[in-house]
Amino acid sequence: AEAAEAAVAQPEQPAAEAVPAPEQLAAAPEAPVVAETPQQPQPEPAPAAEQPAAEPAAAQPAEPVAVAETGAPVQAEPQPQPAETVARPAEEPAAAEAPADQPEQAPNPAPAEAQADEAGSAEQPAAEQPAAEPAAAEEPAAEGEGADLPVEPSPGEAAPGYADAEREAVLRVMRERRDIRNGFRTDPIPHEVLLRVLEAAHHAPSVGHSQPWDFVVIRSAETRRAMHELAQRQREAYAKSLPKGRAKQFKELKIEAILDTPVNIVVTADPTRGGRHTLGRHTQPQMAPYSSALAVENLWLAARAEGLGVGWVSFFDEREMVRELGLPEHLEVVAYLCVGYVDEFPDEPELAQAGWSQRRPLAWVVHEETYGRRALPGEAPHDLLSETVASIRPLDAKALGEAWERQKRMTKPAGALGMLEIISAQLAGLSRVSPPPIPEPAAVAIFAGDHGVHAQGVTPWPQEVTTQMVANFLGGGAVCNAFANQVGAEVCVIDVGVAGDLPATPGLLPRKVRPGTGDLTAGPAMTREEAVAAIEVGIETARDLVAAGNKALLTGEMGIANTTVSAALISVFTGADPSEVTGRGTGINDETHARKVDVVRRALELHQPDPADPIGVLAAIGGLEHAAIVGMILGGASLRTPVILDGVSAGAAALVARAIAPESLSACIAGHRSAEPGHVAALNKLGLRPLVDLDLRLGEGTGALLALPLVQSAARAMHEVATFDSAGVTEK
Ligand SMILES: Cc1cc2nc3c(=O)[nH]c(=O)nc-3n(C[C@H](O)[C@H](O)[C@H](O)COP(=O)(O)O)c2cc1C
């Protein structure tokens, strides 16, 4: 493992010459970035989300979590909107700080900390759940507890279910139903077959038994051509809205088969059917279209049983469609379906096969009693943090070894790609395949939070700038947006603890744990429960972004006064004096800098944080965005997805993540070296060498975004560069 660590964490070694044999890689399992032992089962290279939930393991007992807000789905793209005015600092920035002169990289083998408790955890990454965070987690109920009403056995026999074979047929059709866009045949659909399918649809449940559906069966080429035209226009509009990394992928996707299918069916909902007093629709008018959607599902399943493929097309402006089809104006269109015989039914959703998205395991979405208490029936509830930590594994020795071997055979002098060879080997070890997948598309997650320590005058910028800059990110006007556009990445903004209120905006994930931390010179920044909740926000963000198809996660952050917090965290985990790791942040003058150093010193004296209790450290002196980045690193590592770290806050968070789960570092790539002295100290301690060194000190994920093309190039070279044998080039 020392060799493996050298391979990843000590990049200055001549790369190819230092290639470790897989046996060497497996030798010392205690370093933070170690290769998986060859004796361990080699799991499928497929990423995490395909796999069932890991068993809960108690690596880090996590506290019950209370979170202020539950979340909305991840929005892929910030919508342009006018950015709010950003306040100016109260004092002019001091002259640019001299570049830090710390050693570029002090190879610093991490302590041989105990590895995460692996008991009961399988190789696969942790189970995940939807983007929203738990609202409340309670202690697991003991066996038999919770049944507060006496339960008498019911008299007589229960109605029978189906015989095994029939039940299996029902479950099979649900498993094997697919949305089909490719491979339709022109064979006509016999009337009796279509009739059976429509009968099944018409048997669907409906609100107040209102049966709000109608089915318009379309066969004419002319109508289908008109509908195809409409869908094509929406497809183009959607493609334009995508980040470049996604748009490339989308170009290859077929999203409708309107012209390839003999029959199209429009399913409508009549919100007025059944009159004014339809039972149940009174309170929830959306129950009418929901009912029609159930008819669609019935239709879809019956069609599958007939060997008919169905493809749902939702690339329409609904009103435009109503007009084009000459439908009565009071109808809603619920579905436009393309139906026909097919060459085959794929085993997996086409979007999953194309790498657009991943299936979420059942264990991510089943909660026991209260939201956030995740448990499958018959299982004990498990908490997200310990489950995530338990599923983090070292780099895969076999893939790592193969990557080094391939580097040697590529048509270039051994080691000539320097650091990039190390990155590509790390990506191979992480993904368990060589050559590793190119980490695209990628998303930068910008976690935003405020800091009570702002009251100590550690920065001239007013606190409301955090809120204002979040609006700027969402409006597309910040540096991170420009860089993200340049490298084709998605920008995702997460309010994990902004003091101000943020209106719901596409691209914003409302996950506020609390509105800003407490002043760490006066008391703890937050409670342990809040620290865990913020970490979980990061884990869930990582999971959501990976399940949505991202192949690289970039950390970003926004929080006025957060370099003070980063300095405090780095001081705790590196042992460096506050004066060595406290920088000038946004550019403060000598007086403010002296105050900032003193604030860090006083906070450390007050709390005496113990680096062996990383969650305690976060609670005492951390920031909500730091905690969320910790979660992002742990989540990314558990999903075997590279995490490109940004600046000093990410460096501080990586120190915390390593203290929680040493192996999490194997997913980390240092995107850049910031001008903050604390960042250099953190990178040295972590043994990570930054890819970009441009004296940036902005945050927002800007350094990580600039590094992304380097990481992608490292992987691409592995795919596209010829080997000496294949190109017929003579070796030296
Ligand atoms: C409400 C709804 C709308 C959909 N719209 C489209 C669409 O416009 N184009 C498309 O290719 N697939 C569409 N789909 C199909 C989904 O992409 C598909 O169900 C999903 O990828 C899972 O694959 P599976 O149905 O094969 O399990 C839609 C599905 C639903 C339920």
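Strand 3 (residues 263-269) is covered on both faces. Val263, Ile265, Val267 and Ala269 are buried on one side. Asn264, Val266 and Thr268 are buried on the other. Buried means under 20% relative accessible area, exposed over 50%, and partly exposed in between, with a 1.4 Å probe and protein chains only. Strands are DSSP runs (E, at least two residues) and helices are runs of H or I with at least four residues, both numbered from the N terminus.

This is a predicted model, in which local features need pLDDT of at least 70, side-chain atom pairs count only at pLDDT 80 or more, and totals for chains, interfaces and linings use all residues. Residues are numbered from 1 along each chain as its sequence is written, and side-chain values use heavy atoms, with hydrogens and water left out.

**Partners of strand 3**

Strand 2 (213-218) runs antiparallel to strand 3, joined by 6 bridges. Two strands pair if DSSP finds at least two bridges between them. Valine 217 stands opposite isoleucine 265 of strand 3. Strand 3 also pairs with strand 5 (residues 332-341), again in the antiparallel sense, over 7 bridges. Here asparagine 264 faces cysteine 338 of strand 5.

The loop between helix 4 (191-202) and strand 2 holds serine 210. Serine 210 is buried, at 9% relative accessible area. A polar atom of the serine 210 side chain lies 2.7 Å from the backbone oxygen of valine 207.

An open sheet of 6 strands has the order 9-8-7-10-11-12, with parallel pairing. Strand 9 and strand 12 (668-670) are the edge strands, each pairing on one side only. Neighbouring strands of this sheet are turned by 25° against each other on average, direction ignored. The axes behind such angles are lines fitted to C-alpha atoms, for helices over the stretch in contact, and angles run from 0 to 180 degrees between N-to-C directions.

Strand 8 (residues 490-497) is largely enclosed by the rest of the structure, because 8 of its 8 residues are buried. Strand 7 (residues 442-449) pairs with strand 8 over 7 bridges, and alanine 443 stands opposite glutamate 490. Strand 8 also pairs with strand 9 (residues 508-510), over 3 bridges. There, isoleucine 494 has leucine 509 as its bridge partner. Elsewhere in the sheet, 2 bridges link strand 10 (residues 552-558) to strand 11 (residues 643-645).

**The ligand site**

The ligand is surrounded by Arg177, Arg178, Asp179, Arg181, Ile255, Trp312, Val313, Ser314, Phe315, Pro349 and Leu351. A residue counts as near if one of its heavy atoms lies within 4 Å. This shell divides into 6 nonpolar, 1 polar and 4 charged residues. Ala, Val, Leu, Ile, Met, Phe, Trp, Tyr, Cys and Pro count as nonpolar, Asp, Glu, Lys and Arg as charged, and the others, Gly among them, as polar.

Polar contacts are pairs of N or O atoms within 3.5 Å; within protein, one must be able to donate a hydrogen and the other to accept it, and residues adjacent in sequence count only if both atoms are side-chain atoms.

| Residue | Part of residue | Ligand atom | Distance |
|---|---|---|---|
| Arginine 178 | side chain | oxygen | 2.7 Å |
| Arginine 181 | side chain | oxygen | 2.9 Å |
| Isoleucine 255 | backbone | nitrogen | 2.9 Å |

Taken alone, the ligand exposes 620 Å², and the protein buries 73% of that. Accessible areas come from the Shrake-Rupley method with a 1.4 Å probe; for residues, only the protein chains shown count as cover.
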